[in-house]
Amino acid sequence: MRARVGKSKKTWAEAAISDLLEPGPERIGDRCIHGGEPCPGAAWQGLPYSRQLEEKQKQVAEALERLGSFSGIDLEPIVPAVAEWRYRNKLEYSFGNPGPEDPPGDPVLGFHARGHWDRIVDVDDCLLASEANNGARNLVREWARDEGLNAVDAAGAGELRNLIVREGRRTGQIQTRLVTAAAEIPRPPVDLHTVIEGPSGGTGGPTGVLGEEFLGERLGDLDLRVSPGAFLQTNTETAERLYSVAREFAALAGDERLFDLYCGIGTIGLGMAADAGEVWGIENVSEAIVDAEANAERNGIGNARFRVADARLGIRPLVEEAGRPDVVVIDPPRAGLSAKIVRRVLECEADRIVYVSCNPTTMAPNARQMVDAGYRLTRVRPVDMFPQTPHIECVALLERVSG
Ligand SMILES: C[S@@+](CC[C@H](N)C(=O)[O-])C[C@H]1O[C@@H](n2cnc3c(N)ncnc32)[C@H](O)[C@@H]1O
(Lines give C-alpha, C1' and ligand atoms only; values in the text may rest on other atoms or scores of the structure.)
Protein backbone atom coordinates (compact mmCIF):
# COMPACT_ATOMS: atom_id res chain seq x y z
CA MET A 1 0.00 0.00 0.00
CA ARG A 2 1.21 3.51 -0.74
CA ALA A 3 -0.18 6.36 1.32
CA ARG A 4 -0.11 10.12 1.10
CA VAL A 5 0.59 11.84 4.42
CA GLY A 6 -1.76 14.72 5.17
CA LYS A 7 -1.96 16.46 8.54
CA SER A 8 1.06 15.67 10.69
CA LYS A 9 2.11 16.62 14.22
CA LYS A 10 5.09 15.66 16.42
CA THR A 11 3.67 12.36 17.64
CA TRP A 12 1.13 11.41 14.96
CA ALA A 13 0.23 11.85 11.32
CA GLU A 14 -2.80 11.19 9.13
CA ALA A 15 -2.40 9.40 5.81
CA ALA A 16 -4.75 8.41 2.99
CA ILE A 17 -4.18 5.34 0.81
CA SER A 18 -3.06 6.35 -2.67
CA ASP A 19 -2.34 2.86 -4.12
CA LEU A 20 -3.38 -0.54 -2.88
CA LEU A 21 -0.47 -2.76 -3.96
CA GLU A 22 -1.63 -6.01 -2.35
CA PRO A 23 -4.91 -6.35 -0.43
CA GLY A 24 -4.65 -7.54 3.19
CA PRO A 25 -5.83 -11.11 3.87
CA GLU A 26 -9.04 -9.89 5.52
CA ARG A 27 -9.98 -7.35 2.90
CA ILE A 28 -13.39 -7.93 1.30
CA GLY A 29 -14.72 -6.50 -1.95
CA ASP A 30 -16.45 -3.11 -1.92
CA ARG A 31 -20.24 -3.30 -2.25
CA CYS A 32 -21.22 0.34 -2.37
CA ILE A 33 -19.75 1.76 -5.57
CA HIS A 34 -20.67 4.90 -7.50
CA GLY A 35 -19.38 5.43 -11.05
CA GLY A 36 -16.64 2.84 -10.48
CA GLU A 37 -15.43 4.50 -7.24
CA PRO A 38 -15.99 3.22 -3.70
CA CYS A 39 -18.67 5.20 -1.84
CA PRO A 40 -17.01 8.16 -0.08
CA GLY A 41 -19.41 7.67 2.83
CA ALA A 42 -18.39 4.05 3.38
CA ALA A 43 -14.61 4.28 3.80
CA TRP A 44 -14.39 1.08 5.90
CA GLN A 45 -16.46 -1.17 3.64
CA GLY A 46 -13.36 -3.22 2.73
CA LEU A 47 -13.20 -4.54 6.32
CA PRO A 48 -15.50 -7.36 7.47
CA TYR A 49 -17.98 -5.98 10.00
CA SER A 50 -16.53 -8.02 12.90
CA ARG A 51 -13.14 -6.37 12.27
CA GLN A 52 -14.71 -2.92 12.08
CA LEU A 53 -16.15 -3.51 15.56
CA GLU A 54 -12.75 -4.65 16.90
CA GLU A 55 -11.05 -1.55 15.49
CA LYS A 56 -13.69 0.75 16.95
CA GLN A 57 -13.39 -0.87 20.37
CA LYS A 58 -9.62 -0.26 20.14
CA GLN A 59 -10.14 3.36 19.06
CA VAL A 60 -12.17 4.12 22.19
CA ALA A 61 -9.63 2.33 24.43
CA GLU A 62 -6.75 4.26 22.85
CA ALA A 63 -8.54 7.61 23.16
CA LEU A 64 -9.14 6.96 26.87
CA GLU A 65 -5.50 5.99 27.42
CA ARG A 66 -3.75 8.56 25.27
CA LEU A 67 -6.05 11.56 25.44
CA GLY A 68 -7.61 10.98 28.86
CA SER A 69 -4.57 9.43 30.61
CA PHE A 70 -6.83 6.65 31.92
CA SER A 71 -5.34 3.26 32.62
CA GLY A 72 -7.07 0.09 33.67
CA ILE A 73 -10.52 1.15 32.39
CA ASP A 74 -12.52 -2.00 31.85
CA LEU A 75 -14.11 -0.98 28.56
CA GLU A 76 -17.42 -2.80 28.02
CA PRO A 77 -17.94 -4.73 24.77
CA ILE A 78 -19.09 -2.64 21.81
CA VAL A 79 -22.80 -2.74 20.97
CA PRO A 80 -23.11 -3.56 17.24
CA ALA A 81 -25.45 -1.72 14.89
CA VAL A 82 -28.86 -3.20 14.14
CA ALA A 83 -28.10 -3.23 10.38
CA GLU A 84 -24.75 -3.07 8.56
CA TRP A 85 -26.23 -1.42 5.45
CA ARG A 86 -29.16 0.85 4.51
CA TYR A 87 -29.31 2.25 8.03
CA ARG A 88 -29.08 6.03 7.49
CA ASN A 89 -32.30 7.98 7.91
CA LYS A 90 -30.75 11.12 6.38
CA LEU A 91 -28.42 11.75 3.47
CA GLU A 92 -27.28 14.99 1.96
CA TYR A 93 -26.50 15.01 -1.75
CA SER A 94 -24.81 17.67 -3.87
CA PHE A 95 -25.58 18.67 -7.43
CA GLY A 96 -22.64 18.83 -9.81
CA ASN A 97 -21.99 19.44 -13.45
CA PRO A 98 -21.35 16.37 -15.63
CA GLY A 99 -18.01 14.59 -15.50
CA PRO A 100 -16.39 12.65 -18.38
CA GLU A 101 -18.53 9.54 -17.63
CA ASP A 102 -21.87 11.39 -17.61
CA PRO A 103 -24.16 12.46 -20.49
CA PRO A 104 -23.17 16.00 -21.52
CA GLY A 105 -25.28 18.82 -20.13
CA ASP A 106 -27.11 16.78 -17.47
CA PRO A 107 -26.54 17.66 -13.82
CA VAL A 108 -25.35 14.85 -11.56
CA LEU A 109 -26.58 14.37 -7.98
CA GLY A 110 -24.53 12.51 -5.42
CA PHE A 111 -21.46 12.86 -3.19
CA HIS A 112 -18.25 14.82 -3.32
CA ALA A 113 -15.50 12.53 -4.66
CA ARG A 114 -13.04 11.72 -1.88
CA GLY A 115 -10.35 14.38 -1.79
CA HIS A 116 -11.98 16.36 -4.65
CA TRP A 117 -14.29 19.05 -3.37
CA ASP A 118 -15.05 20.25 -6.89
CA ARG A 119 -16.14 16.86 -8.33
CA ILE A 120 -19.48 15.17 -7.64
CA VAL A 121 -19.91 11.42 -8.14
CA ASP A 122 -23.38 10.62 -9.48
CA VAL A 123 -25.24 8.16 -7.24
CA ASP A 124 -27.78 5.62 -8.42
CA ASP A 125 -28.08 3.34 -5.37
CA CYS A 126 -26.23 4.16 -2.15
CA LEU A 127 -26.26 1.16 0.17
CA LEU A 128 -26.13 3.38 3.27
CA ALA A 129 -29.63 4.64 2.43
CA SER A 130 -32.92 2.82 2.00
CA GLU A 131 -34.37 2.10 -1.44
CA ALA A 132 -37.02 4.73 -0.76
CA ASN A 133 -34.36 7.38 -0.03
CA ASN A 134 -32.51 6.45 -3.23
CA GLY A 135 -35.74 6.58 -5.20
CA ALA A 136 -36.55 10.09 -3.90
CA ARG A 137 -33.11 11.37 -4.90
CA ASN A 138 -33.30 9.86 -8.38
CA LEU A 139 -36.74 11.39 -8.93
CA VAL A 140 -35.49 14.90 -8.09
CA ARG A 141 -32.49 14.46 -10.42
CA GLU A 142 -34.82 13.37 -13.24
CA TRP A 143 -36.98 16.46 -12.65
CA ALA A 144 -33.88 18.72 -12.72
CA ARG A 145 -32.79 17.18 -16.03
CA ASP A 146 -36.26 17.43 -17.56
CA GLU A 147 -36.41 21.10 -16.60
CA GLY A 148 -32.93 21.77 -18.05
CA LEU A 149 -31.56 23.05 -14.73
CA ASN A 150 -27.86 23.01 -13.81
CA ALA A 151 -25.67 22.82 -10.73
CA VAL A 152 -24.20 26.08 -9.48
CA ASP A 153 -20.68 26.27 -10.91
CA ALA A 154 -17.50 28.06 -9.81
CA ALA A 155 -18.58 31.21 -11.68
CA GLY A 156 -21.95 31.23 -9.87
CA ALA A 157 -24.01 30.20 -12.93
CA GLY A 158 -26.71 27.49 -12.50
CA GLU A 159 -29.48 26.97 -9.97
CA LEU A 160 -29.05 23.73 -8.01
CA ARG A 161 -27.00 23.20 -4.84
CA ASN A 162 -28.07 20.29 -2.59
CA LEU A 163 -30.78 17.80 -1.82
CA ILE A 164 -31.39 16.48 1.70
CA VAL A 165 -33.48 13.34 2.00
CA ARG A 166 -34.75 12.37 5.47
CA GLU A 167 -36.74 9.29 6.30
CA GLY A 168 -39.00 8.38 9.18
CA ARG A 169 -37.92 4.76 9.35
CA ARG A 170 -40.88 3.80 11.50
CA THR A 171 -43.45 6.01 9.81
CA GLY A 172 -42.32 5.35 6.24
CA GLN A 173 -42.33 9.11 5.55
CA ILE A 174 -39.76 10.49 3.11
CA GLN A 175 -39.02 14.19 3.35
CA THR A 176 -37.02 16.00 0.66
CA ARG A 177 -35.46 19.46 0.92
CA LEU A 178 -33.99 21.09 -2.16
CA VAL A 179 -31.39 23.84 -1.75
CA THR A 180 -31.01 26.19 -4.70
CA ALA A 181 -29.34 29.47 -5.53
CA ALA A 182 -32.35 30.96 -7.26
CA ALA A 183 -35.93 31.25 -6.10
CA GLU A 184 -37.27 31.43 -9.66
CA ILE A 185 -37.29 27.80 -10.76
CA PRO A 186 -40.15 25.56 -11.86
CA ARG A 187 -42.01 24.11 -8.85
CA PRO A 188 -39.82 21.22 -7.60
CA PRO A 189 -41.28 17.84 -6.50
CA VAL A 190 -40.01 18.25 -2.91
CA ASP A 191 -41.39 19.03 0.57
CA LEU A 192 -39.12 21.97 1.34
CA HIS A 193 -37.29 24.50 -0.81
CA THR A 194 -34.38 26.44 0.69
CA VAL A 195 -32.90 29.35 -1.25
CA ILE A 196 -29.32 30.44 -0.61
CA GLU A 197 -28.42 33.28 -2.95
CA GLY A 198 -24.88 34.48 -3.53
CA PRO A 199 -21.66 32.50 -3.28
CA SER A 200 -22.10 31.20 0.30
CA GLY A 201 -22.30 27.44 0.83
CA GLY A 202 -24.15 25.47 3.51
CA THR A 203 -27.74 24.28 3.49
CA GLY A 204 -29.41 26.53 6.08
CA GLY A 205 -31.51 29.43 4.84
CA PRO A 206 -35.04 30.71 4.22
CA THR A 207 -37.17 27.67 3.50
CA GLY A 208 -40.53 27.46 1.74
CA VAL A 209 -42.85 24.58 2.61
CA LEU A 210 -44.29 22.77 -0.43
CA GLY A 211 -45.23 19.49 1.24
CA GLU A 212 -44.73 18.08 4.76
CA GLU A 213 -42.90 20.52 7.07
CA PHE A 214 -42.17 18.03 9.86
CA LEU A 215 -40.67 14.58 9.72
CA GLY A 216 -42.50 12.01 11.83
CA GLU A 217 -40.44 9.29 13.51
CA ARG A 218 -40.81 6.81 16.35
CA LEU A 219 -37.97 5.99 18.73
CA GLY A 220 -38.65 3.44 21.45
CA ASP A 221 -42.04 4.37 22.86
CA LEU A 222 -41.80 7.97 21.68
CA ASP A 223 -43.78 9.40 18.80
CA LEU A 224 -41.66 12.32 17.52
CA ARG A 225 -41.84 15.28 15.20
CA VAL A 226 -38.62 16.72 13.79
CA SER A 227 -38.22 20.18 12.24
CA PRO A 228 -36.00 20.60 9.16
CA GLY A 229 -33.30 22.39 11.20
CA ALA A 230 -33.36 20.01 14.18
CA PHE A 231 -30.95 17.18 14.87
CA LEU A 232 -32.06 13.55 14.84
CA GLN A 233 -29.66 10.61 15.30
CA THR A 234 -29.08 9.34 11.75
CA ASN A 235 -29.45 5.67 12.63
CA THR A 236 -32.94 5.34 14.13
CA GLU A 237 -32.80 1.63 14.98
CA THR A 238 -29.35 1.76 16.62
CA ALA A 239 -30.16 5.04 18.41
CA GLU A 240 -32.60 2.96 20.46
CA ARG A 241 -29.67 0.80 21.58
CA LEU A 242 -27.60 3.92 22.34
CA TYR A 243 -30.37 5.47 24.40
CA SER A 244 -31.00 2.26 26.31
CA VAL A 245 -27.30 2.23 27.34
CA ALA A 246 -27.68 5.87 28.49
CA ARG A 247 -30.84 4.90 30.42
CA GLU A 248 -29.05 1.99 32.07
CA PHE A 249 -26.12 4.22 33.11
CA ALA A 250 -28.47 6.93 34.43
CA ALA A 251 -29.99 4.27 36.76
CA LEU A 252 -32.96 6.47 37.65
CA ALA A 253 -35.02 5.48 40.67
CA GLY A 254 -38.07 7.64 39.95
CA ASP A 255 -37.65 10.92 41.79
CA GLU A 256 -34.45 12.43 40.40
CA ARG A 257 -34.05 15.80 38.73
CA LEU A 258 -32.46 15.10 35.34
CA PHE A 259 -30.69 17.65 33.13
CA ASP A 260 -30.54 16.75 29.42
CA LEU A 261 -27.84 19.05 28.02
CA TYR A 262 -27.63 19.35 24.20
CA CYS A 263 -31.12 17.82 24.15
CA GLY A 264 -32.08 18.38 20.48
CA ILE A 265 -35.76 17.44 20.09
CA GLY A 266 -35.77 15.91 23.57
CA THR A 267 -35.27 12.24 22.66
CA ILE A 268 -33.01 11.27 25.59
CA GLY A 269 -34.77 13.23 28.36
CA LEU A 270 -38.27 12.30 27.17
CA GLY A 271 -37.23 8.65 26.96
CA MET A 272 -36.18 8.80 30.64
CA ALA A 273 -39.00 11.04 31.92
CA ALA A 274 -41.14 8.15 33.21
CA ASP A 275 -38.25 7.07 35.47
CA ALA A 276 -37.39 10.58 36.74
CA GLY A 277 -39.05 13.18 38.94
CA GLU A 278 -38.44 15.97 36.45
CA VAL A 279 -36.51 16.54 33.23
CA TRP A 280 -34.95 19.82 32.08
CA GLY A 281 -33.42 20.13 28.61
CA ILE A 282 -31.13 22.77 27.06
CA GLU A 283 -30.43 23.16 23.35
CA ASN A 284 -29.32 26.14 21.24
CA VAL A 285 -31.52 25.49 18.16
CA SER A 286 -34.89 27.06 18.90
CA GLU A 287 -36.72 24.92 16.29
CA ALA A 288 -35.52 21.81 18.14
CA ILE A 289 -36.81 23.16 21.47
CA VAL A 290 -40.23 23.84 19.93
CA ASP A 291 -40.15 20.20 18.74
CA ALA A 292 -39.08 18.97 22.22
CA GLU A 293 -42.05 20.76 23.80
CA ALA A 294 -44.43 19.43 21.14
CA ASN A 295 -42.96 15.94 21.61
CA ALA A 296 -43.52 16.07 25.37
CA GLU A 297 -47.13 17.01 24.73
CA ARG A 298 -47.86 14.46 22.01
CA ASN A 299 -46.46 11.70 24.28
CA GLY A 300 -48.39 12.85 27.33
CA ILE A 301 -45.22 13.70 29.29
CA GLY A 302 -45.92 16.39 31.89
CA ASN A 303 -42.64 16.49 33.86
CA ALA A 304 -40.27 17.79 31.16
CA ARG A 305 -39.29 21.43 30.48
CA PHE A 306 -37.04 22.70 27.71
CA ARG A 307 -35.09 25.94 27.30
CA VAL A 308 -33.32 27.47 24.30
CA ALA A 309 -29.81 28.23 25.53
CA ASP A 310 -26.18 27.89 24.64
CA ALA A 311 -24.70 25.20 26.89
CA ARG A 312 -21.93 27.56 28.07
CA LEU A 313 -24.36 30.25 29.22
CA GLY A 314 -27.46 28.22 30.04
CA ILE A 315 -26.36 25.82 32.79
CA ARG A 316 -26.09 28.31 35.67
CA PRO A 317 -29.53 29.89 34.99
CA LEU A 318 -30.99 26.39 34.72
CA VAL A 319 -29.65 25.45 38.16
CA GLU A 320 -31.12 28.70 39.50
CA GLU A 321 -34.51 27.95 37.95
CA ALA A 322 -34.75 24.21 38.48
CA GLY A 323 -32.36 23.49 41.36
CA ARG A 324 -29.33 21.19 41.45
CA PRO A 325 -29.73 18.09 39.24
CA ASP A 326 -29.16 14.56 40.53
CA VAL A 327 -28.23 13.25 37.10
CA VAL A 328 -26.85 15.12 34.07
CA VAL A 329 -26.92 13.66 30.56
CA ILE A 330 -24.61 15.38 28.06
CA ASP A 331 -24.71 14.67 24.31
CA PRO A 332 -22.56 17.33 22.59
CA PRO A 333 -21.49 17.61 18.94
CA ARG A 334 -18.13 16.15 17.83
CA ALA A 335 -16.13 19.04 19.28
CA GLY A 336 -17.11 17.92 22.80
CA LEU A 337 -17.14 20.35 25.71
CA SER A 338 -14.82 23.30 26.30
CA ALA A 339 -13.01 23.32 29.66
CA LYS A 340 -15.38 26.09 30.73
CA ILE A 341 -18.50 24.07 29.95
CA VAL A 342 -17.04 21.12 31.87
CA ARG A 343 -16.61 23.53 34.83
CA ARG A 344 -20.27 24.57 34.53
CA VAL A 345 -21.31 20.89 34.52
CA LEU A 346 -19.12 20.23 37.57
CA GLU A 347 -20.76 23.16 39.41
CA CYS A 348 -24.06 21.24 39.14
CA GLU A 349 -22.62 18.71 41.62
CA ALA A 350 -24.74 15.92 40.11
CA ASP A 351 -24.29 12.43 41.53
CA ARG A 352 -24.01 10.94 38.06
CA ILE A 353 -22.98 12.31 34.68
CA VAL A 354 -23.91 10.24 31.63
CA TYR A 355 -21.78 11.39 28.72
CA VAL A 356 -23.08 10.32 25.28
CA SER A 357 -20.32 11.05 22.79
CA CYS A 358 -19.93 10.80 19.02
CA ASN A 359 -16.20 11.43 19.35
CA PRO A 360 -14.10 9.59 21.93
CA THR A 361 -11.11 11.87 21.23
CA THR A 362 -12.99 14.82 22.77
CA MET A 363 -14.88 12.77 25.37
CA ALA A 364 -11.64 11.37 26.87
CA PRO A 365 -10.07 14.73 27.87
CA ASN A 366 -13.47 15.99 29.09
CA ALA A 367 -13.80 12.87 31.29
CA ARG A 368 -10.25 13.44 32.58
CA GLN A 369 -11.21 16.98 33.67
CA MET A 370 -14.25 15.57 35.50
CA VAL A 371 -12.20 12.86 37.20
CA ASP A 372 -9.59 15.40 38.33
CA ALA A 373 -12.46 17.36 39.91
CA GLY A 374 -13.79 14.46 42.00
CA TYR A 375 -15.67 12.04 39.72
CA ARG A 376 -14.84 8.43 38.94
CA LEU A 377 -15.14 7.08 35.39
CA THR A 378 -16.95 3.85 36.20
CA ARG A 379 -18.34 2.59 32.86
CA VAL A 380 -17.70 3.15 29.16
CA ARG A 381 -19.53 1.30 26.40
CA PRO A 382 -18.99 1.96 22.67
CA VAL A 383 -22.01 1.75 20.36
CA ASP A 384 -21.61 1.39 16.60
CA MET A 385 -24.04 3.83 15.03
CA PHE A 386 -22.17 4.11 11.73
CA PRO A 387 -21.16 0.78 10.12
CA GLN A 388 -18.78 1.04 7.12
CA THR A 389 -17.34 4.30 8.50
CA PRO A 390 -14.60 5.06 11.05
CA HIS A 391 -17.06 6.91 13.31
CA ILE A 392 -17.87 5.56 16.75
CA GLU A 393 -20.28 6.63 19.46
CA CYS A 394 -19.84 5.76 23.15
CA VAL A 395 -21.55 6.27 26.48
CA ALA A 396 -19.55 6.98 29.64
CA LEU A 397 -20.71 7.06 33.25
CA LEU A 398 -19.02 9.37 35.76
CA GLU A 399 -19.96 9.04 39.41
CA ARG A 400 -19.26 11.65 42.06
CA VAL A 401 -16.98 10.48 44.82
CA SER A 402 -16.19 13.63 46.78
CA GLY A 403 -18.83 15.32 48.91
C1 LIG B 1 -25.25 15.14 19.03
S2 LIG B 1 -26.67 16.18 19.00
C3 LIG B 1 -27.65 15.41 20.28
C4 LIG B 1 -29.10 15.76 20.31
C5 LIG B 1 -30.01 14.85 21.15
N6 LIG B 1 -29.45 14.58 22.44
C7 LIG B 1 -30.32 13.57 20.40
O8 LIG B 1 -29.83 12.49 20.76
O9 LIG B 1 -31.07 13.63 19.41
C10 LIG B 1 -26.07 17.65 19.71
C11 LIG B 1 -27.09 18.75 19.90
O12 LIG B 1 -26.43 19.87 20.51
C13 LIG B 1 -26.93 21.07 19.94
N14 LIG B 1 -25.89 22.09 20.20
C15 LIG B 1 -24.76 22.32 19.48
N16 LIG B 1 -24.03 23.30 20.05
C17 LIG B 1 -24.71 23.69 21.16
C18 LIG B 1 -24.46 24.66 22.17
N19 LIG B 1 -23.37 25.41 22.14
N20 LIG B 1 -25.35 24.80 23.16
C21 LIG B 1 -26.47 24.03 23.20
N22 LIG B 1 -26.76 23.09 22.27
C23 LIG B 1 -25.89 22.92 21.26
C24 LIG B 1 -27.18 20.71 18.49
O25 LIG B 1 -28.13 21.59 17.91
C26 LIG B 1 -27.71 19.28 18.61
O27 LIG B 1 -29.11 19.26 18.75
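Two elements, α4 (267–272) and β15 (278–283), each supply at least two residues of the shell around the ligand. Helices (H or I, at least four residues) and strands (E, at least two) are DSSP runs numbered from the N terminus. The model is a predicted one, in which local features need pLDDT of at least 70 and side-chain atom pairs count only at pLDDT 80 or more, while totals for chains, interfaces and linings use all residues. Residue numbers start from 1 along each chain as its sequence is written.

The ligand has 19 residues around it, of which Phe 231, Tyr 262, Gly 264, Asn 284 and Ala 311 come nearest; a residue is near a molecule or strand if its C-beta atom, placed from the backbone, lies within 6 Å of it. By class, this shell holds 12 nonpolar, 4 polar and 3 charged residues. Ala, Val, Leu, Ile, Met, Phe, Trp, Tyr, Cys and Pro count as nonpolar, Asp, Glu, Lys and Arg as charged, and the others, Gly among them, as polar.

The protein chain is divided into domain 1 (60–82 + 235–400) and domain 2 (90–215), with bounds that come from an automatic or database domain assignment. The C-alpha centres of the two domains lie 33 Å apart.

Helix α1 has 20 residues and reaches 27 Å from its first C-alpha to its last, close to the 28 Å expected at 1.5 Å a residue; the expected span is 1.5 Å times one less than the number of residues. Among the buried residues of α1 are Leu 53, Val 60 and Leu 64. A residue is buried if 20 or more other C-beta atoms, placed from the backbone, lie within 10 Å of its own, exposed if 12 or fewer, and partly exposed in between. The buried residues of α1 pack against α8 (360–372), β19 and β20, where contact requires C-beta atoms, placed from the backbone, within 7 Å.

Just after α1, Ser 69 takes a positive phi of about 50 degrees. Ser 69 counts as exposed because it has 12 C-beta neighbours inside 10 Å. Gln 388, in the loop between β19 (375–383) and β20 (393–400), also has a positive phi, of about 75 degrees, although it is not a glycine. With 24 C-beta neighbours inside 10 Å, Gln 388 counts as buried.

Pro 325 lies in the loop between α6 (311–322) and β17 (327–330) and is buried, because it has 27 C-beta neighbours inside 10 Å. Not counting residues up to four places away in sequence, Pro 325 touches Arg 257, Leu 258, Phe 259, Cys 348 and Ala 350.

Key:
Two residues are in contact if their C-beta atoms, placed from the backbone, lie within 7 Å.
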